Amino acid sequence: MLVDYINQLHEAMAKGHGKEILGKILDELIRYAKEHFQREEDHMKSIRYADFASHKQEHEIFIKEVSDLHAKFSAGNAMLSVRVSKFLKDWLVNHIMKLDRKLAAASR
Ligand SMILES: [Fe+2]
């Protein structure tokens, strides 16, 4: 789902959609990410995951970064679309490939 939102965002940017649509996608991305991270954090607690604190901190940094980007975007920062797409893509690839995989391995 996170990947879906990022693809939606890319597509909307590529089609030259306006602030309203991009802002709505960012809103949904933030809301979905919060729910998803909460579920993952509950799961980590339930298995007494050793890396809980550092993994949760990554989630918090992501939410803060996306919220900051959303605020700057709403204020009219023209360069934001490039920053958004690069940041989101890099973060997701890094987080899913490393931390979420490590958690999945520990959950088996
Ligand atoms: Fe995670």
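How many helices and how many strands does the secondary structure of the protein come to?

1. In this predicted model, the secondary structure comes to 4 helices and 0 strands, and the elements, read from the N terminus on, follow the order α-α-α-α.

2. As for overall dimensions, the C-alpha trace spans about 45 × 20 × 20 Å along its principal axes. The protein has 108 residues, of which 9% count as buried. Among the contacts with a separation of 6 or more, 67% are between residues 24 or more positions apart.

3. Helix H1, which covers residues 2-14, packs against H2 with the two axes 10 Å apart and at an angle of about 170°. Angles over 145 degrees count as roughly antiparallel, and H1 and H2 are therefore described as roughly antiparallel to each other.

4. On the H1 side, the residues making this contact are Leu2, Tyr5, Gln8, Leu9, Ala12 and Met13, while H2 contributes Ile21, Leu22, Ile25, Glu28, Leu29, Tyr32, Ala33 and His36. By class, the residues of the contact divide into 11 nonpolar, 2 polar and 1 charged.

5. Isoleucine 47 is found in the loop between helix H2 (19-46) and helix H3 (52-74). Is this residue buried or exposed? Isoleucine 47 counts as exposed, because 11 C-beta neighbours lie inside 10 Å and the exposed class takes residues with 12 or fewer.

6. Once its neighbours within four places in sequence are left aside, isoleucine 47 is in contact with Ala106 and Ser107. Glutamine 57 stands 10 residues from isoleucine 47 along the chain, and the C-alpha atoms of these two residues are separated by 18 Å.

Technical notes
Residues are numbered from 1 along each chain as its sequence is written. This is a predicted model: local features need pLDDT of at least 70, side-chain atom pairs count only at pLDDT 80 or more; totals for chains, interfaces and linings use all residues. Helices (H or I, at least four residues) and strands (E, at least two) are DSSP runs, numbered from the N terminus. A residue is buried if 20 or more other C-beta atoms lie within 10 Å of its own, exposed if 12 or fewer, and partly exposed in between; C-beta atoms are placed from the backbone. Two residues are in contact if their C-beta atoms, placed from the backbone, lie within 7 Å. Axes are lines fitted to C-alpha atoms, for helices over the stretch in contact, and angles run from 0 to 180 degrees between N-to-C directions. Angles under 35 degrees count as roughly parallel, over 145 as roughly antiparallel, 65 to 115 as roughly perpendicular and the rest as oblique. Ala, Val, Leu, Ile, Met, Phe, Trp, Tyr, Cys and Pro count as nonpolar, Asp, Glu, Lys and Arg as charged, and the others, Gly among them, as polar.
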